[in-house]
Amino acid sequence: MTASATTLGFQPAATYPVGTVPDGIAAGDFNGDGKLDLAAANGGDGSVSILLGNGDGTFKAAMNFSTCTNCNRIAAADFNADDRSDLVLLRLGDANASDNGDLTIFLSNGDGTFRKGQVLTPGKNPSFVVALDVDADHKSDLIVTNQTDATVAVLFGNGDGSFQPPVPYTTGGGPTSLLLVDFDHDGLQDLAVQRRFGTDILLANGNGTFRSGPSLTTGLFFPIVSWADFNQDGKIDYLTTGCDLTSCKLSVALGNGNGTFQSTRSVSSGHFGGIFIADYDGDGKLDIAGSENTLMQVAVLLGNGDGTFQPLVGFTVASDVNPNFGLAADLNGDKAPDLVSINGDSTIGVLLNNGTDFSISASKPTPGTISGGQSSSSTVTVTLLNSFDNPVALACSVQPAGPGAPLCSLNSDSVTPGPNGSATATLTINTTTAAALGFRPFVWWSAPAIGLIGAGLSRGRSKRKLASSLAVGVLFAGLLLQAACGGNGGPSAQTYTVTITGSSTFTEHSTSVTLGVQ
């Protein structure tokens with residue numbers, strides 16, 4: 001389906017208090033209920049805050065537990081194959097004090113609490129950790145960058161919550177972070193290792209090992225923060241962001257498909273952080289989301305599909321709070337990516353995507369006019385305006401309402417658009433045997449006329465002539481009125497409006513049809 005007329009929107013941010021100075025966040029199902037939960041690593045007090053999800057994008061109050069001092073990186077995955085997400089916490093340590101840092105595993109108890117597991121030393125002063133099954137054995141492994149010894153270490157998982165000793169790969173300098181990217185289009189996740197003066201690519205062999213790939217120099221102040229195919233040509237591109245002495249900007253470099261790239265060109269000014277790439281408006285084109293520190297907002301730049309982007313759209317998390325973009329994930333199951341920010345006031349912010357957008361229409365009822373006891377039908381069509389094909393709930397109502405008004409019903413109270421981007425339902429409108437249009441029988445207007453005739457018969461001749469003339473006039477007017485209203489005491493015509501409303505997550509649209517009843 002080709003989406004059209006897409007719109008970008010998020011609900012007002014909901015904020016949740018966590019521990020002191022949160023600086024890392026992860027999502028997972030920590031209690032095994034099938035709903036996405038959040039975990040925030042709090043560097044200020046050495047705790048982790050667990051926020052159990054309600055399944056609709058809202059979360060229960062945080063439960064805090066102590067982990068390790070100065071642990072500021074966190075990742076979630078199921079390390080012991082019990083269908084519940086576990087946690088790994090990274091502690092950088094201090095090279096000046098001969099403190100090499102470490103990783104600590106915390107295994108889920110299934111109720112949102114955790115127990116301490118293995119403590120790992122992946123190298124000297126680990127700076128970033130990712131959980132990934134690198135050798136395709138269905139067991140989660142760990143990939144860690146180590147600053148002081150300039151290595152990337154792979155720690156293979158045993159599937160029981162423990163890990164094997166690290167397997168190191170040397171990089172061109174002290175790495176600070178890494179990104180996963182299929183650099184050579186072989187279907188395997190390669191490693192883009194960010195270091196001070198550039199990026200080193202480690203190409204995956206498919207068996208858990210890696211080989212050296214190209215190295216890219218992007219400048220001291222403008223590191224690569226994301227990889228994706230922004231212009232839909234099948235070649236990987238990258239984004240850089242940073243500030244120099246003159247400006248702060250976000251730039252894109254389009255790939256040539258052979259490991260080389262075109263010169264970067266700016267797509268927006270501003271000081272960006274926490275970049276995550278996804279299709280946020282459901283138009284099939286990749287967009288950019290991140291925090292914009294100058295505006296103190298979470299910012300989204302919609303992609304045009306050709307490597308260019310529309311102007312920044314900002315979303316405020318809280319007044320006078322500078323957010324750092326934490327992650328993008330579908331928190332409420334509507335197939336649209338939501339945003340989570342880490343805020344400077346020791347809270348996290350959740351911005352739920354408006355999700356599925358659609359148009360709704362209904363055909364003219366057939367037949368267009370019915371009598372009491374009859375029915376009419378209409379076809380209701382729901383058409384997607386973006387690629388988020390969450391079910392659309394349907395309801396109908398009739399106006400004017402009242403005793404004897406027609407009744408409406410739909411053959412389905414929920415539809416899900418198919419591969420062609422549309423879905424239909426049948427609207428049926430039924431009238432009662434005696435439709436609520438009101439009967440106007442002969443007697444209400446004939447009674448005065450009969451009274452006039454009777455009065456005329458009891459009076460003198462001249463008065464009888466006058467009374468008879470008045471009676472005839474009343475009878476004639478009544479006959480004309482009855483004919484106009486259907487004659488012989490039938491119902492008068494009435495037009496009803498039937499409104500059909502569709503709703504999906506936060507989006508609601510309606511349409512209406514009219515029906516005559518006589």
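Buried means under 20% relative accessible area, exposed means over 50%, and partly exposed is in between (1.4 Å probe, protein chains only). This is a predicted model, in which local features need pLDDT of at least 70 and side-chain atom pairs count only at pLDDT 80 or more, while totals for chains, interfaces and linings use all residues. Residues are numbered from 1 along each chain as its sequence is written, and side-chain values use heavy atoms, with hydrogens and water left out.

**Salt bridges**

Select Arg 84: at 25% relative accessibility, this residue is partly exposed. Its side chain meets that of Asp 82 in a salt bridge, 3.2 Å from N to O; the term requires a side-chain nitrogen of Lys or Arg within 4 Å of a carboxyl oxygen of Asp or Glu. Asp 82 is also partly exposed, at 22%.

Next, select Arg 91 and Asp 102, whose closest N and O atoms are 2.9 Å apart in a salt bridge. Arg 91 belongs to strand S7 (residues 86-91) and Asp 102 to strand S8 (residues 102-108), so the pair ties together parts eleven residues apart in sequence. Strands are DSSP runs of E, at least two residues long, numbered from the N terminus. Arg 91 and Asp 102 are both buried.

Move to Arg 195 and Asp 200, a salt bridge with its closest N and O atoms 2.8 Å apart. Both of these residues are buried. The whole structure holds six salt bridges.

**The largest pocket**

Select Phe 128, Leu 179, Ile 275, Phe 276 and Gly 326, which lie nearest the centre of the largest pocket among its 43 lining residues. A pocket here is an open set of points on a 1 Å grid over the protein atoms alone, with protein on both sides within 12 Å along at least five of seven lines; lining residues have an atom within 4 Å of a point. The elements giving two or more residues to this lining include strand S2 (22-28), strand S10 (126-132) and strand S26 (323-329).

**A five-stranded sheet**

Show the open sheet with strand order S30-S37-S36-S32-S34 and mixed pairing. Strands S30 (369-370) and S34 (414-415) stand at the edges with a single partner strand each, so one side of each is left without a neighbour in the sheet. Pairing requires at least two DSSP bridges between strands. Seven bridges join the antiparallel strands S32 (residues 392-399) and S36 (residues 494-504). Finish at Val 398, which stands opposite Val 498 in S36.

Technical notes:
Helices (H or I, at least four residues) and strands (E, at least two) are DSSP runs, numbered from the N terminus. On a 1 Å grid over the protein atoms alone, a cavity is a set of points where a 1.4 Å probe fits but cannot get out, and a pocket is an open set with protein on both sides within 12 Å along at least five of seven lines; lining residues have an atom within 4 Å of a point.
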